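Please have the model open alongside.

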Amino acid sequence: MKKLQIDFDFFFELLAIMSYLARFFGGLFVVSGKPKLILCEGAKSIERSLGTSTTREYDVVVVGGGIVGAASARELKLRHPKLKMAILEKENELAKHQTGHNSGVIHAGIYYKPGSLKAKLCVEGMQLMYKYCDEKKIPYKKVGKLIVATDEVEVKRLEELHQRAIENKVPDIKLIKGVEEIKKIEPHCVGLQALWSPHTGIIDYSIVTQQYGIDFKEKGGEVYLNFEVNKFEKSQDPKYPVLIQSKDGQNVKSKYVLTCGGLQSDKLAELSGCPRSPRIVPFRGEYLLLNPEKAHMIRGNIYPVPDPRFPFLGVHFTPRMDGSVWLGPNAVLAFKREGYTWADINISELADSISYPGFIKLALKFMFAGAQEVIKSAIPSLQVKSLQKFVPEISAKDVERGPAGVRAQALDISGNLIEDFVFDMYKDGDDSIGSRVLHCRNAPSPGATSSLAIAKMMVEKIESEFEI
Ligand SMILES: Cc1cc2nc3c(=O)[nH]c(=O)nc-3n(C[C@H](O)[C@H](O)[C@H](O)COP(=O)(O)OP(=O)(O)OC[C@H]3O[C@@H](n4cnc5c(N)ncnc54)[C@H](O)[C@@H]3O)c2cc1C
C-alpha cells in the first residue's frame with residue numbers, strides 16, 4: 001500500500017513538473033503526423049517528440065512569423081480571444097528575414113503619398129509603436145532624423161517633401177535653413193537645408209516581434225516553428241475545410257488562413273489559386289559599418305532627399321540600438337529570395353526573377369542606375385563618396401562591409417513597383433479553398449513601423465471577409 005502511495009506522489013509530482021515546464025516554455029503540446037514540431041516562447045524554442053498522427057484544428061492560422069504576421073495574429077487574438085489560433089513559421093525563430101534585417105528606423109511618415117495606406121498607417125503605426133514599447137518596456141531611442149538637401153534641385157524637392165509631411169500630419173516636422181542650423185542638430189553634417197523630424201526613432205524590430213509572439217501565446221495562441229507551408233488543400237472535414245501541409249509532411253487544419261509571407265508572399269498566394277503577379281523580386285540592401293571610433297559623429301538618422309525616379313530612400317546614416325552606425329542600404333538584385341550575400345544563389349529563383357516581364361521592363365528602365373549600384377556594391381569606397389556629401393569627415397578607411405537585408409519588392413507585369421500594401425484572395429465559388437485564404441502580398445517599408453496599424457487593418461479585413 002505504502003509503495004503504491006509513493007508511486008502516486010511521484011506520478012503527481014511528475015505531472016506538476018511537466019505542466020510547469022510546459023507553461024514555462026509556452027509548450028502547448030501539439031500533435032502531428034510527423035514526429036517533430038517546434039514551439040516557441042519569445043526567443044527560446046523547444047523541440048518535442050510527438051507520436052500520434054492527429055491533425056491540429058484551428059479557427060484561424062497565420063502563415064509567416066515576421067512582424068506583420070505576428071502583429072496581425074496578436075491583434076486578432078486580442079479582439080477575439082475565443083478563436084483557436086496558430087502562427088506557422090518556416091524558420092527556427094520569428095523575425096528571421098526582412099524584420100530581422102532592416103534599418104531599425106521608426107519612421108514618422110514623411111515620404112508617402114498623402115491619402116495612401118502607407119501614409120496613414122505609418123503615422124498611426126509610429127504612435128502605436130511608441131505606446132506599445134513604453135507599455136512593454138522595449139528599448140528604443142527617439143534620435144530624430146534630418147533629411148538633408150545639398151544642392152538647389154534638392155532644396156526644391158525638400159520643400160515639396162515638407163508640404164507632403166504636413167499633409168500626412170507628421171508631428172513637429174520642421175524646415176531648417178543653413179548649415180549652422182543643421183550643425184546645431186548634427187554637428188558633423190553639412191547641407192543647404194534640411195527637414196527635421198524629432199519623432200523619428202530607432203529600435204530592434206526582432207525584439208518587438210518576439211514580444212508580439214509572447215502576447216499571442218499568453219492569450220492561448222500557438223506558434224509552430226520549422227513549419228514551411230507548401231500546400232493548401234480542401235480537407236475532408238467540413239468544420240475545418242483548409243488543410244495546410246508543410247514541406248516535410250506535417251498537417252494543420254483551419255477554418256481560415258491569413259498569409260504574411262514577405263519574400264515568399266507571391267508563392268504562398270499561388271498555392272491558393274491566386275495569380276503570381278504581382279511577383280516578388282528580391283532586392284538586397286547592403287550596409288557598411290562606420291568605424292566605432294567615429295560613431296560619436298552621428299547623433300541621429302541622416303538621410304538624403306529621395307530621388308523621385310527611384311523607389312528606395314537612398315543610402316543613409318542610421319545609428320543602431322547597440323551604439324554602432326550603419327551606412328546604407330544600397331539596392332542590388334538578390335540571386336536568391338533570401339540571399340544575403342553575392343554567393344547566395346538559387347538558380348530557379350534567379351531565373352524566375354529575370355524571366356519575369358515586369359523585371360525585364362524595370363531593368364531596362366533603370367539599367368544605368370542598377371549598374372552603378374552593382375559597382376558600388378563591389379567597391380564600397382564609391383558608396384562612401386555619396387555619404388561624404390553629408391559628413392565630409394568620413395573617409396573610405398572609416399568603413400567596412402556590414403550586414404545586409406533583402407527587400408520583398410512587389411512588381412507588376414508592366415514593371416511598376418507596387419508601393420502600397422496589397423491584399424489578395426482567390427474566390428472561385430463559395431466553397432473553394434481560395435475564398436478562405438487571405439494573402440498580404442506586399443508590406444514594404446515602413447512595414448515594421450506600421451505593423452500595429454497594419455494589424456488593425458488586417459483584422460478588419462478578416463472580420464469583413466470571414467465568418468469568425
Ligand atoms: C533592407 C531593409 C531595410 C528596411 N528598413 C526599414 C525601417 O527602417 N523601418 C521600417 O519600418 N521598415 C523597414 N523595412 C521594411 C520592413 O522590414 C518590412 O516592411 C517588414 O519587416 C515586413 O514584415 P513581414 O512580416 O511582411 O515580412 P518578413 O519579416 O520577411 O516575414 C515573413 C515571414 O514569413 C515566413 N514565411 C515565408 N514563407 C513561408 C512559408 N511557406 N511557410 C511558413 N513561413 C513562411 C518567413 O520565414 C518570414 O519569417 C526594411 C526592409 C529591408 C529589407
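Ala, Val, Leu, Ile, Met, Phe, Trp, Tyr, Cys and Pro count as nonpolar, Asp, Glu, Lys and Arg as charged, and the others, Gly among them, as polar. This is a predicted model: local features need pLDDT of at least 70, side-chain atom pairs count only at pLDDT 80 or more, and totals for chains, interfaces and linings use all residues. Residues are numbered from 1 along each chain as its sequence is written.

**Ligand shell**

The shell residues split as follows.

| Class | Residues in the shell around the ligand |
|---|---|
| Nonpolar | 15 residues |
| Polar | 20 residues |

Of the 41 residues around the ligand, Gly 64, Gly 66, Gly 262, Gly 405 and Gly 447 come nearest. Helix H2 (67-79) and strand E20 (399-411) are the elements that give two or more residues to this shell. Helices (H or I, at least four residues) and strands (E, at least two) are DSSP runs, numbered from the N terminus.

**Cores**

A nonpolar core joins buried Ala, Val, Leu, Ile, Met, Phe, Trp, Tyr and Cys residues through C-beta atoms within 7 Å. Buried means 20 or more other C-beta atoms within 10 Å of the residue's own, placed from the backbone. The largest core has 100 residues; Val 61, Leu 88 and Leu 327 have the most contacts inside it. Helix H12 (residues 451-465) gives the largest share, seven residues. A second, separate core of 12 residues includes Val 332 and Leu 411.

**Ala 149**

Ala 149 sits in strand E7 (residues 145-149). Ala 149 counts as buried because it has 22 C-beta neighbours inside 10 Å.

Technical notes: A residue is near a molecule or strand if its C-beta atom, placed from the backbone, lies within 6 Å of it.
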